[in-house]
Amino acid sequence: ATTASESKLGDLTLKEPQLELAYSGLRAAAARLADAEARLARTQVRAPFSGLILQADIDAGQFVSAGMTLGVVYANDAVEITVPLQTSDAALVPDLWIPGFVEATASIQFGNQTFTWTGHVDRIAPTLDPATRTIGAIVRIPNPSIPAGSEGPPLLVGAFAEVTLKGITGAPYFAIPASALRADDQVWVVK
């Protein structure tokens with residue numbers, strides 16, 4: 001029979017405590033590696049759309065925290081233009097409230113040429129603008145990189161554009177001076 005001291009001596013000769021310590025260190029290193037790989041996977045920021053970086057607010061190697069603004073990215077498959085409409089003008093656009101139904105064109109001056117893109121009213125802002133009391137019609141221009149029917153500059157974000165909505169045409173509307181308006185909102189017409 002072996003004594004307890006001989007058994008301990010046998011373990012030391014086989015280096016079992018050292019092996020167990022090494023395996024423990026290996027398991028801890030593997031756990032740290034898995035944690036580091038998980039953290040690295042979370043450091044990649046991806047937009048859920050194809051776009052262009054307009055502004056980057058961070059540099060390589062910089063530490064960021066949750067909720068921090070990293071930059072500004074614009075989608076490059078379409079441009080949206082908010083068109084402020086007076087309620088009286090909005091009344092002249094039939095079916096304005098139906099998404100995608102009203103055709104629109106956006107034009108910009110570039111040098112001495114005018115370039116035009118076609119699109120549609122995508123949606124209406126849910127509230128009136130509190131400062132101007134206007135309705136915000138959001139016009140969506142697909143494929144802003146090429147003007148309709150020609151080669152030219154892209155429709156750049158931030159450019160001033162003139163937007164035309166397809167409304168009522170040929171209707172009997174006339175502008176009159178306020179002095180021509182009579183009581184009960186009537187106008188006298190001479191035949």
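Predicted model: local features only at pLDDT ≥ 70, side-chain atom pairs only at ≥ 80, totals over all residues.
The protein chain holds three helices and nine strands. Followed along the sequence, these elements come in the pattern α-α-β-β-β-α-β-β-β-β-β-β. The protein chain has 191 residues, of which 16% count as buried. Contacts across the sequence can be described as well: among those in the protein chain between residues at least 6 apart in sequence, 54% join residues at least 24 apart. The accessible surface of the protein chain amounts to about 14,900 Å², and carbon and sulfur atoms account for 59% of that area.

Five of the strands can be followed together in the model. They form an open sheet in the order S3-S6-S5-S4-S7, and the pairing is antiparallel. The edges of this sheet are taken by strand S3 (78–85) and strand S7 (162–165). Each of these two has a single partner strand, so one side of each is left without a neighbour in the sheet. On average, and with direction ignored, neighbouring strands of the sheet are turned by 35° against each other. Within the sheet, strand S5 (residues 113–124) and strand S6 (residues 135–142) run antiparallel and are joined by four bridges.

The loops on either side of S6 deserve a look of their own. The loop between S5 and S6 contains Thr132, and Arg133 lies in that loop between S5 and S6 too. Thr132 is partly exposed, at 44% relative accessibility. The C-alpha atom of Thr132 is separated by 8.8 Å from that of Gln86, although the two residues are 46 residues apart along the chain. Arg133 is exposed, because its relative accessible area of 51% passes the cut-off of over 50%. The backbone at Arg133 has a positive phi of about 60°, although this residue is not a glycine. A positive phi is also found at Asn143, with a value of about 50°, and Asn143 is not a glycine either. Asn143 sits in the loop between S6 and S7, and with 43% relative accessibility it counts as partly exposed.

Charged side chains come next. Side chains of opposite charge can pair when their charged atoms come close. A search of the whole structure gives five salt bridges. In one of them, the side chains of Arg27 and Glu20 meet at 3.3 Å, N to O. Both partners are partly exposed: Arg27 has a relative accessible area of 49%, and Glu20 has a relative accessibility of 46%.

Another salt bridge brings the side chains of Arg123 and Glu80 together at 2.9 Å, N to O. Arg123 belongs to strand S5 and Glu80 to strand S3, so this pair ties together parts that are 43 residues apart in sequence. Arg123 is partly exposed, with a relative accessible area of 38%, and Glu80 is likewise partly exposed, at 39% relative accessibility. Arg123 also meets Asp122 in a salt bridge, at 2.8 Å, N to O. Through shared partners, salt bridges join Glu80, Asp122, Arg123 and Arg140 into one network.

The surface also carries a nonpolar feature. Phe174, Ile176, Leu181, Val187 and Val189 make a nonpolar surface patch of about 520 Å². Among these residues, Val189 is placed in the segment after strand S9 (186–187). Val189 is exposed, with a relative accessible area of 67%.

Methods:
Residues numbered from 1 in each chain as written. Heavy atoms only, no water. Pairing = 2+ DSSP bridges. Axes fitted to C-alpha atoms, helices over the stretch in contact; angles between N-to-C directions. Buried < 20%, exposed > 50% of the residue type's maximum accessible area, 1.4 Å probe, protein only. Contact = heavy atoms within 4.5 Å. Areas by Shrake-Rupley, 256 points an atom, 1.4 Å probe, with all protein chains shown as cover. Patch = residues over 30% accessible without salt bridge, like charges linked within 9 Å, V, L, I, M, F, W, Y side chains within 5 Å. Salt bridge = Lys/Arg side-chain N within 4 Å of Asp/Glu carboxyl O.
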